[in-house]
Amino acid sequence: MQRHRTTSDPPPRRPDGSWLVGMMIGTAIMTMATQAMVLGAGAAISDAALKGR
């Protein structure tokens, strides 16, 4: 079943800087995830090195 639009008005336009804000938020999330992986890897290596003594 197809749905048809009841109005010919286009959707409201996004603000000009919205893509930039989304990109900055995405970059921040990726940076935090990368830092957490590096911290976890460093902790695992340190733990393995201490257990090997």
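**Chat about the chain**

Author: Of the chain's 53 residues, 0% count as buried, meaning under 20% relative accessible area, with exposed being over 50% and partly exposed in between (1.4 Å probe, protein chains only). This is a predicted model, where local features need pLDDT of at least 70, side-chain atom pairs count only at pLDDT 80 or more, and totals for chains, interfaces and linings use all residues. Residues are numbered from 1 along each chain as its sequence is written, and side-chain values use heavy atoms, with hydrogens and water left out.

Reader: How many helices and strands does the chain have?

Author: One helix and zero strands, taken as DSSP runs numbered from the N terminus (helices H or I, at least four residues; strands E, at least two).

Reader: Which residues form a nonpolar patch on the surface?

Author: Trp19, Leu20, Met23 and Met24, with about 460 Å² of accessible area together. Areas come from the Shrake-Rupley method with a 1.4 Å probe, and for residues only the protein chains shown count as cover. Patch residues have over 30% relative accessible area and no salt bridge; nonpolar side chains (Val, Leu, Ile, Met, Phe, Trp, Tyr) are joined within 5 Å, like charges within 9 Å.

Reader: Where's Met23?

Author: In helix H1, residues 18-51. Met23 is partly exposed because its relative accessibility is 45%.

Reader: Switching to charges: how many salt bridges in the whole structure?

Author: One, counting a side-chain nitrogen of Lys or Arg within 4 Å of a carboxyl oxygen of Asp or Glu. Asp47 pairs with Lys51, their closest N and O atoms 3.7 Å apart.

Reader: And how far along the helix are Asp47 and Lys51 from each other?

Author: About one helical turn, because they sit four residues apart in H1.
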